[in-house]
Amino acid sequence: MPEAALFRVPAFGVPVPVAAVISALREVTQLDVRGLDDEAVLGLFDGLETVDRLFHSARFAMLAELDARQLCDRRLGHVTANEAGWRHGANPKRVKADLATANTMRKHQPKMAAALARAEVPVDRVREVCRRVNDRNRHALEGAQDALIDLCRQQCTFVQFARHAEQVARLADDDGAEPPMPRDHARIEQSADQVSATIDLYGPAAMAFAQRVEAEADRLWRIHVRDQLAHPDLEVPPRSELLARAFMDLVEHGATHPTSGRTRPTGEFAILLEVDTDELQHLFADGVLLPGKDAGPVDWSQRATDSTGAPLRYATHEWELLTCDAEVTWVIQDAGGHPVACQPGERHANREQRRNLRFRDGRCTFPGCDAPASWCDAHHVTHHADGGATDIRNLALLCRRHHGVIHRTGWSMAANPRPGAGEGLFTITSPSGAVSHSQHRRTPAPA
């Protein structure tokens, strides 16, 4: 059957090169794959991946041109996605998503389009990169096309790649990390005595959550190993079961102590930094690791990895939030991979200081917030990395949401050395310059 006769009228002629490709692919479909030897099947596996990349390169270019000319609308009366659904029986949602990818490559990622045309990058990774491009970060990502192509070529799982792409896109956002950050969400489904739970968390708080669950799973594992040594007939549960049990333990602990407050840091992290010897001398000031702000020569927030070696790409203000009320162990290694320094236990509010904060502040100090003290972090008003002391006069209770707000670009919190009547111990300034006062259980007496 002629290609033009496969679809609805009007019929259009197929370009000669495309007709040749169709003919060749028809021959491929006639292969008896069950009769091929192992080498041939594996060769087909790789060869068809190359075909898929080249096909999508041509398809994306065609979709972008259709859209630029508004051909489907002018000639056939439908927008491109709907015409594909009507004419080809395609899912319009899928076509619409591919059209977005096509336009992004055409307008903002031409080097990525060229790499796909050379079959050098996988289609799904190209889609993931283009999905992350928006009006706030497109200029930065246009300048990072070579790095993005290298990222697409890296040999890693797709989940790892997607994480890297999401971090790069957030870091490139001129307006900070807040707009593109996905919202946390969870789902619980119950059937008889079986419960299935899915939870997706994002940002610095997600790292603290993962660390707590992993630490609790490790504790349970040690208990089971000890029991097995004493009683060999006992088995050590698999890691998946330990993680589930750890999650339940933490939830049950929180449910039985609803107003206990935080007597420990909000998280404990081990972060690996790789630097060379010339940079090492600039990392510390008075024993405190510098954050690499504009005045500093090293932006360690773009050089850190987690314990698996995966890059942790966060903007500086995100790192400030991540480490503001956490116990962090820094392991620094040189370019050859040899550890050269380790600094355990960055300073954080102790049990007595947190008790005093609950007495003084009572709740979140952000004006208008009624979150109880048990939901709050101990925020360093003058950041620890800027020389701020872990002292009660430099600490304020902030719930997790408003702690994140204060660490956003343009927001700031400062001490109010001489509070007047009705004023707080601290002032909060928004990006527009509006100044408000912190709220406290015990209102400070006018100076």
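Predicted model: local features only at pLDDT ≥ 70, side-chain atom pairs only at ≥ 80, totals over all residues.
Me: What makes the pair of Phe209 and Phe247 edge-to-face?
Reply: The angle between the planes does. It is 75 degrees, and over 60 counts as edge-to-face. The ring centres lie 6.1 Å apart. The cut-off for a pair is within 6.5 Å, so Phe209 and Phe247 qualify as a pair.

Me: Why is this pair said to tie together separate parts of the chain?
Reply: Phe209 belongs to helix α11 (residues 204-230) and Phe247 to helix α12 (residues 239-256). The parts they tie together are 38 residues apart in sequence.

Me: Why are Phe209 and Phe247 called partly exposed?
Reply: Phe209 has 29% relative accessibility. Phe247 has 33%. Buried means under 20% and exposed means over 50%. Both values fall in between, so both residues count as partly exposed.

Me: Why is the pair of Phe366 and Trp411 called tilted?
Reply: Their planes stand at 50 degrees. Stacked needs under 30 and edge-to-face needs over 60. A search of the whole structure finds 3 aromatic pairs.

Me: Where do Phe366 and Trp411 lie?
Reply: Phe366 is in the loop between α15 (351-360) and β9 (376-380). Trp411 is in the loop between α16 (400-406) and β11 (412-415). The pair ties together parts 45 residues apart in sequence.

Me: Is Phe366 buried or exposed?
Reply: Buried. Its relative accessibility is 12%, and the cut-off is under 20%. Trp411, at 25%, counts as partly exposed.

Me: How do you know how helix α6 and helix α9 pack?
Reply: Two packed helices are described by the angle between their axes and the distance between the axes. For α6 (residues 110-117) and α9 (residues 145-153), the angle is about 35 degrees and the axes are 9 Å apart. The crossing is right-handed.

Me: Which residues make the contact of α6 with α9?
Reply: From α6 come Pro110, Lys111, Met112 and Ala115. From α9 come Gln145, Asp146, Leu148, Ile149 and Cys152. These residues divide into 6 nonpolar, 1 polar and 2 charged.

Me: What is noted about the phi of Ala119?
Reply: Its phi is positive, about 60 degrees, although Ala119 is not a glycine. Ala119 lies in the loop between α6 and α7 (123-132). Its relative accessible area is 17%. Buried means under 20%, so Ala119 is buried. Gln70 also has a positive phi, of about 55 degrees, and is not a glycine. Gln70 lies in the loop between α2 (38-69) and α3 (71-76).

Me: Why are β11 and β13 placed at the edges of their sheet?
Reply: The open sheet has 3 strands in the order β11-β12-β13, with antiparallel pairing. β11 and β13 (435-437) each have a single partner strand, so one side of each is left without a neighbour in the sheet. Neighbouring strands are turned by 30 degrees against each other on average, direction ignored.

Me: How do you know that β11 pairs with β12?
Reply: 4 bridges join them, and they run antiparallel. Pairing needs at least two bridges, so the strands pair. Within this pairing, Ala414 stands opposite Thr427 in β12.

Conventions. Residues numbered from 1 in each chain as written. Heavy atoms only, no water. Axes fitted to C-alpha atoms, helices over the stretch in contact; angles between N-to-C directions. Helix = DSSP H or I, 4+ residues; strand = E, 2+ residues; numbered from the N terminus. Left-handed = near helix turned anticlockwise from the far one by under 90°. Contact = heavy atoms within 4.5 Å. Nonpolar A, V, L, I, M, F, W, Y, C, P; charged D, E, K, R; others polar. Phe/Tyr/Trp six-rings, centres within 6.5 Å; stacked < 30°, edge-to-face > 60°. Buried < 20%, exposed > 50% of the residue type's maximum accessible area, 1.4 Å probe, protein only.
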